Amino acid sequence: MTLLEFDLNINRMTQVLSVQNLGKYYGETKAVDGINLSVEKGEIFGFLGPNGAGKTTTIRCIMDFIRPSFGKIAAFNLDSHLDSVQIKAKTGYLSGDVRIYENWTGQEHFRFIESMRGKSKILSKLIKDFDFDPKVKAKKLSSGGKQKLGIIMAFLSEPEMLILDEPTTALDPLLQNTVYDYILNFAREGSTVFMSSHNLHEVQKICSRVGIIKQGKIIAEESVEELRSKKIHVVKATFDSKVSMADFDLSGVEVFKESAGSLTLRIKGDINPVISKMHNYKLKDLEVSHASLEDIFMAYYER
Amino acid sequence: MFPIFLRTIKNKRTAIIAYIVSGIAFLLMYIPIYPSFASSGKQLVEIMKNYPQGFLKAFGIEDIAQAFLSLEGYLSTEHFGFVWPLVLIFLALSFAGNSIAGEIEKGTMEVVLSQPISRLKIYFGKYLGGLGAIVLFVTTSIFASIPIAAIFNVHYVAKGYIYMTILGVLFGIAIYGLAMLCSSFASDKGKANFMTGGVLIAMYVLNILSGLKSNLDDLKYLSFFHYFNASGALLNYKIDSIAILVFVLTTIIASSQSSLRTIRQPPESAAILFQAEEIASFHSQRRESCEQVTLKCF
């Protein structure tokens with residue numbers, strides 16, 4: 001075995017989800033246009049993008065609910081379409097728009113899933129942790145209640161892979177933390193998580209890697225740390241005197257906020273030209289920080 | 001497949017019971033009044049002879065004399081030849097409409113599709129659930145005639161009800177197969193029922209038209225209602241072999257086509273399993289996104 005073959009084998013062993021050149025067209029509309037991504041075992045992959053960017057379409061292709069126009073998806077080294085049943089046996093799925101049987105109780109939903117996936121070992125713990133009443137009919141549940149039911153349904157079989165489409169929508173902060181704890185625990189025990197989200201705070205909090213999708217294309221796929229260490233800085237400066245805005249009209253510099261004697265700048269790239277300009281003024285205070293994921297996300301979207 | 005089958009039956013148990021109760025209620029309405037009806041049978045036969053053939057055919061009356069002189073003739077004319085098939089059609093439509101298109105419409109198909117079960121098994125679990133309900137309804141709503149007739153001291157011949165049950169099941173599964181096919185083409189229950197309803201109404205009209213003019217006679221072969229001969233089964237213990245062939249072939253062709261459509265879901269077809277919904281959701285999301293951008297600009 002050559003070193004390259006060895007590397008490829010290792011890669012095959014650790015790579016749980018692989019999306020290659022995935023495209024989904026609806027006539028002229030390109031919902032997803034040739035995206036590539038891969039998720040490793042034990043990784044929590046955040047899939048970021050605004051509404052209509054193609055996140056849900058990608059997830060539905062991964063789950064084989066819809067068929068791609070082109071491209072290939074593999075999970076656990078199995079074809080997402082041909083081996084869909086085997087993949088789903090190892091996958092827990094949460095829809096972005098949880099739709100359940102309105103006339104069933106939570107218990108009936110759980111029994112239905114258990115009849116196909118086997119008895120759950122963690123169901124009672126999930127019910128307790130999410131403070132969910134399984135005897136209430138789904139039609140009487142609030143949107144948060146329905147979301148809880150969807151989450152428990154996705155988690156109850158302790159799957160090897162979780163596909164979560166905006167998992168914390170409609171949940172209060174306490175329950176959001178419960179979801180994060182479960183996701184982190186699953187990942188710690190070797191499960192792989194692929195989750196889409198709008199909530200950059202939660203992505204920053206729990207994801208190890210992110211993919212940013214824009215108009216059906218992946219525009220960035222990096223670890224959260226790598227993204228944050230990009231040369232995007234936020235500089236907050238308070239001056240002793242009046243500042244000429246023309247001094248800061250530099251390439252890659254955006255004035256984020258401006259008030260009497262104070263300036264907040266977002267700087268893409270080299271920070272030194274801005275610092276040099278600031279030498280012309282007497283500073284009261286200066287704060288330089290790495291941009292938050294939100295700033296980076298916005299920067300990508302404004303490209 | 002069994003969990004899907006069981007769930008299909010459980011979900012519709014109230015509807016199944018309601019249909020069976022209504023089928024028996026009709027019998028309880030017709031059978032007790034039969035003795036008084038039979039006593040004036042000869043006068044009715046004379047009156048009916050003056051009616052046009054097409055009109056009589058529309059009500060399933062083939063042989064006027066037989067129609068009023070035995071319980072089976074009376075039931076085939078009043079109930080099994082007219083009202084009962086309608087109830088059966090509604091039952092078949094309700095099951096088929098809900099099974100694929102209805103689940104897509106409600107969005108609950110995702111719950112099933114995300115489980116480790118093949119589309120073929122999902123389809124057949126649902127299909128067999130509907131089939132079970134049809135067989136249950138047909139059997140109970142036909143065989144209930146026997147104890148009801150016995151309670152009201154009306155003479156009956158049990159053999160005819162066995163033939164009627166076989167014919168009823170064949171007719172029911174053919175309608176159901178057709179409705180499942182329409183359901184696999186549609187993305188919501190209303191469209192699926194509209195398509196099946198349209199086909200059945202066209203068949204009913206063709207059957208009536210064929211009786212009105214001799215040169216339109218051949219049109220009857222295009223209609224299920226021509227092959228559904230309740231009086232032949234109940235009175236003469238006979239089911240036409242062509243009728244068996246038509247119903248069985250329709251069932252096989254329609255069911256296999258609908259199962260293939262459900263499984264294959266070709267990418268170029270936008271009207272199957274989620275794709276129509278997906279397009280709508282995609283466009284609405286793009287719209288929302290545009291609105292957000294517009295708001296941000298302001």
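This is a predicted model: local features need pLDDT of at least 70, side-chain atom pairs count only at pLDDT 80 or more; totals for chains, interfaces and linings use all residues.
C207(A) counts as buried because its relative accessibility is 7%, and C182(B) counts as buried at 9%. Over all chains the structure holds zero disulfides, a disulfide being a pair of cysteine sulfur atoms within 2.5 Å.

The secondary structure of chain A comes to 11 helices and 14 strands, taken as DSSP runs numbered from the N terminus (H or I, at least four residues, for helices; E, at least two, for strands). The C-alpha trace of chain A spans about 75 × 55 × 40 Å along its principal axes.

In chain B, helix α7 (residues 71–106) packs with helix α12 (residues 189–212) at an angle of about 150°, their axes lying 8 Å apart, where axes are lines fitted to C-alpha atoms over the stretch in contact and angles run from 0 to 180 degrees between N-to-C directions. α7(B) is therefore roughly antiparallel to α12(B), the term applying to angles over 145 degrees. Contact (heavy atoms within 4.5 Å) involves residues including F82(B), I89(B) and L93(B) of α7(B) and T196(B), L200(B) and Y204(B) of α12(B).

Residues are numbered from 1 along each chain as its sequence is written, and chains are lettered from A and ligands numbered from 1 in the order in which they are written. Local features need pLDDT of at least 70 and side-chain atom pairs count only at pLDDT 80 or more, while totals for chains, interfaces and linings use all residues, and side-chain values use heavy atoms, with hydrogens and water left out.

Definitions and conventions. Buried means under 20% relative accessible area, exposed over 50%, partly exposed in between (1.4 Å probe, protein chains only). Angles under 35 degrees count as roughly parallel, over 145 as roughly antiparallel, 65 to 115 as roughly perpendicular and the rest as oblique.
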